[in-house]
Amino acid sequence: MTNLELQKTANEVRKGIVTGVHAAKAGHPGGSLSAADIYTYLYFEEMNIDPKDPKKADRDRFVLSKGHTAPGLYSTLANRGYFPVEDLVTLRKLGSYLQGHPCMQHVPGVDMSSGSLGQGISVACGIALGAKMSNADYRVYTLLGDGEIQEGQVWEASMFAGHRKLDNLCVIVDNNGLQIDGKVEDVCSPYPIDKKFEAFNFHVINLDDAHDFDKIRAAFKEARETKGMPTAIIAHSLKGKGVSFMEGNADWHGKAPNDEEYAVAMADLEKIAQQFA
Amino acid sequence: MADIKKVATRESYGNALVEVGKENPNVVVLDADLAAATKTGVFKKAFPDRHIDCGIAECNMTGIAAGLSLAGKIPFMSSFAMFAAGRAFEQVRNSIGYPHLNVKIGATHAGITVGEDGASHQCNEDIALMRTIPGMVVMCPADDIEAKAAVHAAVEYEGPVYIRFGRAAVPVINDNPDYKFEIGKGTILREGTDVTIVATGICVDSALGAAELLAKDGISAEVINICTIKPLDEELIINSAKKTGKVVTAEEHSVIGGLGSAVCDALCKSFPAPVCKIGMQDIFGESGSAAALVEKYKLDAKGVYEQVKEFLA
């Protein structure tokens with residue numbers, strides 16, 4: 001895909017996020033929007049996947065360690081053709097397969113259930129190790145929040161990944177700087193994030209603009225070409241990206257827009273769409 | 001009786017892993033720096049490339065096991081019951097139980113027979129914790145033969161399984177040519193008419209010993225061995241309760257949430273009967289030899305006998 005196509009697609013993913021969370025009257029738009037370009041790049045460009053065969057054996061795997069940003073994953077999967085985009089409005093509703101946090105038994109394309117922070121990266125390490133033990137050459141990607149890395153298990157897993165030289169593993173930290181209680185450095189600073197992963201024997205890539213597809217492309221290429229150690233991409237992003245009143249505002253971590261706010265949000269995204277037209 | 005063979009079920013675990021490892025190349029074993037104690041060392045020696053030491057990080061090990069199962073392996077994650085079921089409970093619940101992954105948890109050093117290490121390491125809560133996870137099979141073998149059979153059965157079963165093993169050597173009681181093992185099936189080891197003793201793990205041998213002592217007093221005790229606590233062989237227990245009218249449960253575990261609770265859950269649905277729960281009576285253990293602790297906390301044959309007598313009085 002060209003950058004323009006990726007930008008258009010990411011904008012559609014953002015519309016799906018806002019629409020799903022609005023319909024659910026609950027959910028996590030902020031961190032879904034900050035990671036929308038990463039999600040889009042992974043599923044439309046980077047990963048070896050097939051929406052018609054979600055379980056194909058040699059597919060690349062994705063574990064959403066920051067499971068609360070399920071609206072971002074679901075919207076990406078829907079736009080990629082795993083299930084109808086129209087179903088996004090069933091998010092979080094009784095009887096819907098689109099559970100509040102990803103459930104692998106119910107959602108086509110979801111490789112692992114998640115939601116409890118810090119656990120997805122361990123599972124991603126296990127899949128990556130399993131691939132190596134089976135001489136399979138698929139890659140494993142996992143997306144973490146920058147608040148999530150306050151969980152100790154993240155560093156248990158990182159020690160393991162570095163020790164085992166899991167170069168088929170790519171950890172992405174969505175570094176949008178905000179968590180529920182405020183700025184990550186005010187709550188309990190995880191910085192320096194890059195130095196920490198380096199200390200755990202990762203190859204670290206500082207992606208200074210996680211909304212620039214040239215830079216995203218370069219980061220994932222570098223990760224793919226890195227041998228002998230796992231890669232961590234520290235993706236500097238803007239929480240709420242694309243929706244004016246959500247950008248950089250921790251209040252929109254886990255809150256749904258009301259009808260008026262939804263109209264403003266969709267108008268914002270429509271304006272962006274027109275820029276690409 | 002002096003020649004009774006005794007084997008710690010953790011030894012059986014290690015030996016059975018080698019057997020299933022030979023049969024199935026997908027079997028892999030994980031440890032958290034306790035391979036020497038969980039007795040998986042024999043597997044490590046036989047299949048060094050299929051043994052993964054995760055270091056002292058049980059929560060991560062749980063996720064690694066989950067990931068390995070997603071990659072087509074059959075992982076046995078090993079640690080002490082305290083850490084596998086206790087420390088990593090939420091990881092077992094969310095990373096293994098919720099997605100219903102094909103992970104086997106081999107939890108050794110369960111109960112007070114951990115001995116000298118004391119209460120910090122004596123897990124009397126693991127059966128209770130694991131029972132609450134939907135879809136989790138929970139087994140507590142009584143001896144070497146049952147422990148090995150449980151490991152083999154776990155490999156054949158698709159889904160999460162928790163198996164509880166002990167540190168101390170226990171008598172082999174199932175060494176007979178007719179022995180068959182099936183997940184979810186209990187066994188009547190001794191028929192009786194006055195009281196039913198439902199036991200698991202090391203308490204099965206204690207229950208058999210207690211039944212001998214009771215017989216001398218003219219009391220006929222039926223002894224049921226329950227290896228699979230979940231799913232429980234409810235029919236076997238209810239039918240026995242209908243015959244005897246009184247039920248005693250015996251386990252090296254808290255009386256809250258373990259076998260005793262599972263038996264009460266089963267009985268209260270269709271045949272409410274008086275139940276005496278023998279086990280750790282909502283207390284922590286302490287340091288001491290396994291034998292001394294089992295005696296003090298009345299989990300040996302004499303202790304079970306006395307409590308049954310009191311119950312029937």
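This is a predicted model: local features need pLDDT of at least 70, side-chain atom pairs count only at pLDDT 80 or more; totals for chains, interfaces and linings use all residues.
Q: What about A:Cys170?
A: A:Cys170 is in no disulfide either. Its nearest cysteine sulfur belongs to A:Cys125, 12 Å away. A:Cys170 is buried too, at a relative accessible area of 0%.

Q: New topic. How many residues are in the largest nonpolar core?
A: It has 124 residues. Those with the most contacts inside it are A:Tyr43, A:Phe62, A:Phe197, A:Phe220 and B:Leu30.

Q: Which helix gives the most to this core?
A: Helix 5 of chain A, residues 120-133, with eight residues.

Q: What is A:Phe197 in contact with, leaving aside its neighbours within four places in sequence?
A: Its contacts include A:Trp155, A:Val171, A:Phe202 and A:Ile234.

Q: What other core lies apart from the largest one?
A: One of 28 residues, with B:Cys203 and B:Ile219 among them.

Q: On to sheets. What is the strand order in the open sheet of five strands?
A: In chain B, the order is 9-11-10-13-14, with mixed pairing. The twist averages 25° from one strand to the next.

Q: Which strands stand at the edges?
A: Strand 9 (187-190) and strand 14 (275-280) of chain B. Each has a single partner strand, so one side of each lacks a neighbour in the sheet.

Q: In what sense do strand 9 and strand 11 of chain B pair?
A: Antiparallel, over three bridges. B:Thr187 has B:Asn225 in strand 11 as its bridge partner.

Key:
Residues are numbered from 1 along each chain as its sequence is written. Chains are lettered from A and ligands numbered from 1 in the order in which they are written. Side-chain values use heavy atoms; hydrogens and water are left out. A nonpolar core is a set of buried Ala, Val, Leu, Ile, Met, Phe, Trp, Tyr and Cys residues joined through side-chain atoms within 4.5 Å. Buried means under 20% relative accessible area, exposed over 50%, partly exposed in between (1.4 Å probe, protein chains only). Helices (H or I, at least four residues) and strands (E, at least two) are DSSP runs, numbered from the N terminus. Contact means heavy atoms within 4.5 Å. Two strands pair if DSSP finds at least two bridges between them. Axes are lines fitted to C-alpha atoms, for helices over the stretch in contact, and angles run from 0 to 180 degrees between N-to-C directions. A disulfide is a pair of cysteine sulfur atoms within 2.5 Å.
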